[in-house]
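Subject: Structure for your attention

Dear colleague,

Please find the structure below, together with its sequence. My notes on what was found in it follow.

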Amino acid sequence: MNVETKQFDNLEGASNSAAQYITEQCKKDIQQHGQFSIVLAGGSTPRTLYSLLASTSFVDQIDWSRIHLFWGDERCVSLDDPSSNYAMAHDALLSKVKIPTDNIHPMEASTSSPSDAAKGYENKLRSFFNSPHAVPSFDLVILGMGNDGHTASLFPGNASLNENDRLVIATENINASPQVPRITMTLPLLNQAKNVLFLISGKQKGQILQTIMDHPQKAQIQYPAARIKPKNQLIWFYSKK
Ligand code: 6PG
């Protein structure tokens, strides 16, 4: 695994560089195997990136008919709830690009049973990748990180970090806003990805990144984000503010 960190003075700069990286990876994968499977992050930081991908600077560089979009985690709310990760991506990106509906694979997490929703998404992934037994491998996973070092909905000290078999699980009693159950991809699935891109901003996250770089063993105990180890490349885009 090749690790690279890129630092920027502001989120616009970090997001622009991340958009360039995604566009390049997308072209390469479509050329190599005809499609580009990408997992989107939730939260607020990636909004600028998603808007850039839909902007005239990038939108025509991407063959949207060959992209398949997935989510790394979702809050257990309806997809049109403003707090849903799907809703943010729809507002910033999906509503602005010509991507076939069949290429968009949201986590239907609003059911009364988060664990059923998680199992349903895992089945959807296995079917899409025609991978009933092996762990599917995404071309690229985009992740954010919380100020506690969580990523996706994998939170410090949570049992979800020890999941070795299921690809998608429900997590509850987590210390994050909104206080709703979530479903999340697990480490075995996230780490089967070819490449992972983190997009983070702010001093506190910068300090966590520094700890991950300088003391990886210690960081893995404290920060779920430190356990992300894709097959090829792990690249951090860090904005100081
Ligand atoms: C979520 C995200 C989560 C997010 C971090 C960072 O559902 O909230 O998947 O992992 O990436 O909490 O969020 P911000 O980018 O808003 O700081």
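I begin with the ligand. The side chain of Thr 45 places an N or O atom 2.6 Å from an oxygen atom of the ligand. Please keep in mind that this is a predicted model, and that the distances and volumes here are computed from it.

His 150 brings a polar side-chain atom to 2.7 Å from an oxygen atom of the ligand.

The surroundings of the ligand comprise 15 residues, and the closest of them are Thr 45, Asp 73, His 150, Ala 152 and Lys 205. Sorted by class, this shell holds nine polar residues, four charged residues and two nonpolar residues.

The pocket

The ligand takes up the space of the largest pocket. The volume of this pocket is about 330 Å³. A total of 25 residues line the largest pocket, and those nearest its centre are Gly 42, Gly 43, Arg 75, Gly 146 and His 150. Strand 4 (73–75), strand 5 (140–143) and strand 8 (195–201) are the elements that contribute two or more residues to this lining. By class, the pocket lining consists of eleven polar, ten nonpolar and four charged residues.

The cavity

How many cavities of 30 Å³ or more does a search of the whole structure find? The search returns one. The largest cavity has a volume of about 50 Å³. Its lining is formed by Ile 22, Ile 38, Leu 40, Leu 53, Ile 62, Trp 64, Ile 67, Leu 69 and Leu 93. At least two of the lining residues come from strand 2 (36–40), and at least two from strand 3 (67–71). By class, the cavity lining has nine nonpolar residues, with no polar and no charged residues.

Backbone features

Two points in the backbone also deserve mention. Ser 177 and Pro 178 are joined by a cis peptide bond, with omega at about -5°. Pro 178 belongs to the loop that runs between strand 6 (168–171) and strand 7 (182–185). Asn 130, although not a glycine, has a positive phi of about 50°. This residue, Asn 130, is situated in the loop between helix 4 (114–128) and strand 5. Strand 5 is also one of the elements that give two or more residues to the lining of the largest pocket.

With kind regards

Key:
Residues are numbered from 1 along each chain as its sequence is written. This is a predicted model: local features need pLDDT of at least 70, side-chain atom pairs count only at pLDDT 80 or more; totals for chains, interfaces and linings use all residues. Side-chain values use heavy atoms; hydrogens and water are left out. A residue is near a molecule or strand if one of its heavy atoms lies within 4 Å of it. A polar contact is a pair of N or O atoms within 3.5 Å; within protein, one must be able to donate a hydrogen and the other to accept it, and residues adjacent in sequence count only if both atoms are side-chain atoms. On a 1 Å grid over the protein atoms alone, a cavity is a set of points where a 1.4 Å probe fits but cannot get out, and a pocket is an open set with protein on both sides within 12 Å along at least five of seven lines; lining residues have an atom within 4 Å of a point. A molecule sits in a cavity or pocket if more than half of its atoms lie within 2 Å of its grid points. Ala, Val, Leu, Ile, Met, Phe, Trp, Tyr, Cys and Pro count as nonpolar, Asp, Glu, Lys and Arg as charged, and the others, Gly among them, as polar. Grid points are joined across faces, edges and corners, and a volume is the space filled by probe spheres set on the points. Helices (H or I, at least four residues) and strands (E, at least two) are DSSP runs, numbered from the N terminus.
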